[in-house]
Amino acid sequence: MTLRVGVQLHPQHTGIAELRTAWREADAIGVDSLWTWDHFLPHTGDPAGRHYECWSLLSAMAVETRRATIGPLVSCTAFRNPHLLADMARTVDQLSGGRLVLGLGAGWFEAEHTEYGLPFPGPAGRMDAFAASVAAVKERLAKLNPGPAGPLPLLIGGAGRRRTLELVAREADWWNWYGWASDDPVADFRELSGVLDEWCERVGRDPGAVARTVMVNPDQLPLVEGFAEAGAVHVVLSLPAPYDLRRVEELLKVRATLTS
């Protein structure tokens, strides 16, 4: 399978004009996917710095880009009623002409839950709620009229060997891993991908039905070829502001080399 590449634009410590310029230019130079994250507060740098809400940005991205898929990497299901989230996703997918990938996660950043008056249970409680939300999102998507304009694949992000990867095996079309804290990211990705294969076999699903994606920091670009060899079919560059698209162009060159 041809390696696909994308860019996640951090919606913190920046401005709306800068974000709009970055996603339009990235789309124009040929990325396969465009993403932002779903947080309410900056989680690096000045905690009182500028920050913007995910789904509002995705709505604008949907109508200002033409070719790349778009999506949240990932949207925290604890922030919104899951039936509402499904309706929002369907609407953004319609706005984009069927280009949305619905990335979902259980949430990890306690400060934003506290600031916005949202519960933050322990890991087991968050996973219970996450699994229930994923089921509710899929249930609501099947009922909406009109439905999504495109295939609307479901991406689940995370590395929990037991509950997260089991849920990926049962429910997701894509799995994303982000190895920023790993000493050997490629080896850890390969090992976790193998765990996901085992879960797919246990639940009676073809492991090849779950696309493997990896998010990398700019300093991890030299690892992209290794990730591809380990089974990643999509690599996303996590890019802070100011958005230096030369790093995206480097990733596009890697894609060209691996597909030539």
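This is a predicted model: local features need pLDDT of at least 70, side-chain atom pairs count only at pLDDT 80 or more; totals for chains, interfaces and linings use all residues.
1. Start with the nine strands, which make an open, parallel sheet. Reading across, the order is E3-E2-E1-E9-E8-E7-E6-E5-E4. The edges belong to strand E3 (69-72) and strand E4 (75-76); each has a single partner strand, so one side of each is left without a neighbour in the sheet.

2. **Helix H1 on the sheet.** H1 covers residues 16-29 and packs on the sheet, where it touches strand E1 (4-9) and strand E2 (33-36). Its direction makes about 175° with that of E1.

3. E2 and E3 run parallel and are joined by four bridges.

4. **Strand E9.** How many residues of E9 (residues 234-239) are buried? Six of the six, so the strand is largely enclosed by the rest of the structure. His 234, Val 236 and Ser 238 point one way, and Val 235, Leu 237 and Leu 239 the other way.

5. **Neighbours of E9.** With E1, strand E9 pairs in the parallel sense over six bridges, and Leu 9 has Leu 239 as its bridge partner there. With E8, the pairing is again parallel, over four bridges; here Val 216 stands opposite Leu 237.

6. **On to E7.** E8 (residues 211-216) also pairs with E7 (residues 174-178), in the parallel sense and over five bridges. Asn 176 finds its bridge partner in Thr 213 of E8.

7. **Helix H2 on the sheet.** H2 (residues 54-64) lies across E2, E3, E4 and strand E5 (102-105). Relative to E3, helix H2 runs at about 170°.

8. **How H1 meets H2.** The two helix axes come within 10 Å and cross at roughly 40°, which means H1 is oblique to H2. The crossing is right-handed. On the H1 side the contact involves Ile 16, Leu 19, Arg 20, Trp 23 and Arg 24; on the H2 side, look for Leu 57, Ala 60, Met 61 and Glu 64. By type, the residues of this contact come out as six nonpolar, no polar and three charged.

Definitions and conventions. Residues are numbered from 1 along each chain as its sequence is written. Side-chain values use heavy atoms; hydrogens and water are left out. Two strands pair if DSSP finds at least two bridges between them. Contact means heavy atoms within 4.5 Å. Axes are lines fitted to C-alpha atoms, for helices over the stretch in contact, and angles run from 0 to 180 degrees between N-to-C directions. Angles under 35 degrees count as roughly parallel, over 145 as roughly antiparallel, 65 to 115 as roughly perpendicular and the rest as oblique. A crossing is left-handed if the near helix is turned anticlockwise from the far one by less than a right angle, and right-handed if clockwise. Ala, Val, Leu, Ile, Met, Phe, Trp, Tyr, Cys and Pro count as nonpolar, Asp, Glu, Lys and Arg as charged, and the others, Gly among them, as polar. Buried means under 20% relative accessible area, exposed over 50%, partly exposed in between (1.4 Å probe, protein chains only).
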